[in-house]
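Subject: Structure handover and notes

Dear colleague,

Please find below the structure that I promised to pass on to you. My notes on it follow directly after.

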Amino acid sequence: MKQYTSDKEAADALYHSYQDLTSEISKVIVGQEEVVRLVLTAVFCQGHCLLVGVPGLAKTLLIQTIASSLDMSFSRVQFTPDLMPSDIVGAETMDKDRNFNFVTGPIFANIILADEINRTPPKTQAALLEAMQEYAVTVAGKRYELPRPFFVLATQNPIEQEGTYPLPEAQLDRFMFNITLGYPSYESELQIVKNTTGAARVALDKILHADDIMAFQQLVRRVPVVDNVVEYAVKLVHKTRPNTAMGSERASQYLEWGAGPRASQHLIIGAKCNALLNGKYSPDIEDVQAVALPILRHRIVRNFKAEAEGITVEQLIQELL
């Protein structure tokens, strides 16, 4: 890991590393620049991501490509209705000498791809909760620390409702970003088809190591923020809370629940990282706005009136900004 003489030098190094990462990822992923930016922002903010999109939009490929460009261990867990918590965290087994040994599960890696997370029952979804929040798992009363850095990048299919288990609000709140993937443009899809129907294989270079990422995570935390930016972020979250002193009229009209304090924390951390990725040394209100939608999208709940009138969460957040 390279040593930096100042935070300014480290911030410049993060900016250049981000440019290198995006150019490396673009060898495989065509378009989706905003999605890539948000996933990398979560990595540098020590957050977790939920990617929501219809089948075939390369959600899994995107995560695997990002993992390939980072020199870290990677595990993929395909979530199914019969998956048990022990299939994720590991279990104790008895050896020939009748001693119990803990066999680690796939969660003991730096990057976890939780594929189609809503296909598994709440009991197994909950196995991820402790890991995402505590960076540790408890098996047979014993606590096991997970390797650092640690990220859960989960995918979810929004159109198949049969045999799925919607994530509870408590678990959704632990994801820093809820990122929706749309269909590619005509030009992007042309490029995708050309790239993926030939014999050529792309080898990706490793841009950052685990130690580099942990150093950059600490750097993001040290970024100074002026009071008016913090006040804007906290006021924005308060505006989402219906029937409260600072809640907006639209929130009281169309929302059942607003965002909690974790949203305010993520807005500031996300804004700090967004500023660094754009070559700035301190965030402004535009940086808060740049990360607000994926942070608030899964933390506010519409009421029946909003659903009946076809008012989306995204529309309400844009009005509050």
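Throughout these notes, helices (H or I, at least four residues) and strands (E, at least two) are DSSP runs, numbered from the N terminus. The structure is a predicted model, in which local features need pLDDT of at least 70 and side-chain atom pairs count only at pLDDT 80 or more, while totals for chains, interfaces and linings use all residues. Residues are numbered from 1 along each chain as its sequence is written, and side-chain values use heavy atoms, with hydrogens and water left out.

I begin with the backbone. Most residues other than glycine have a negative phi, and most peptide bonds are trans. Y135, which lies in the loop between α5 (122-134) and β7 (136-139), has a positive phi near 55° although it is a residue other than glycine. With a relative accessible area of 11%, Y135 is buried, where buried means under 20% relative accessible area, exposed over 50%, and partly exposed in between (1.4 Å probe, protein chains only). Q46, likewise not a glycine, has a positive phi of about 65°; Q46 sits in the loop between α2 (33-45) and β1 and is partly exposed, its relative accessible area being 23%.

The peptide bond between R148 and P149 is cis, with omega about -10°. P149 has its place in the loop between β8 (142-145) and β9 (151-156), and R148 lies in the loop between β8 and β9 as well. R148 is partly exposed at a relative accessible area of 40%, and, not counting residues up to four places away in sequence, R148 touches Q46, N110, Y135 and M214, a contact being heavy atoms within 4.5 Å.

Next come the pockets. Rolling a probe the size of a water molecule over the atoms shows where empty space is left. The search uses a 1 Å grid over the protein atoms alone: a cavity is a set of points where a 1.4 Å probe fits but cannot get out, whereas a pocket is an open set with protein on both sides within 12 Å along at least five of seven lines, and lining residues have an atom within 4 Å of a point. Grid points are joined across faces, edges and corners, and a volume is the space filled by probe spheres set on the points.

The largest pocket holds about 670 Å³ of space, and of the 24 residues that line it, V52, Q156, P166, L172 and N178 lie nearest its centre. At least two lining residues come from each of β1 (49-52), α6 (169-172), β10 (177-180) and β13 (301-302). Eleven residues of this lining are nonpolar, nine polar and four charged, with Ala, Val, Leu, Ile, Met, Phe, Trp, Tyr, Cys and Pro counted as nonpolar, Asp, Glu, Lys and Arg as charged, and the others, Gly among them, as polar.

For the second largest pocket the volume is about 510 Å³. It has a lining of 20 residues, of which V28, L61, I192, N195 and T196 lie nearest the centre, and helix α7 (residues 186-196) gives the most to that lining, with four residues. By class, twelve of the lining residues are nonpolar, five polar and three charged.

Which residues does H298 touch, leaving out those up to four places away in sequence? They are L172, F175, M176, F177 and N178. H298 is found in the loop between α12 (285-296) and β13, and it counts as buried because its relative accessibility is 8%. A polar atom of the H298 side chain lies 3.4 Å from the backbone oxygen of L172. The side chain of H298 also makes a polar contact with the side chain of R299, at 3.3 Å; a polar contact is a pair of N or O atoms within 3.5 Å, where within protein one must be able to donate a hydrogen and the other to accept it, and residues adjacent in sequence count only if both atoms are side-chain atoms.

R299 is joined in turn to D173 by a side-chain polar contact of 2.7 Å. D173 is found in the loop between α6 and β10, and, its neighbours within four places in sequence aside, D173 is in contact with R262, H266 and R299.

With best regards
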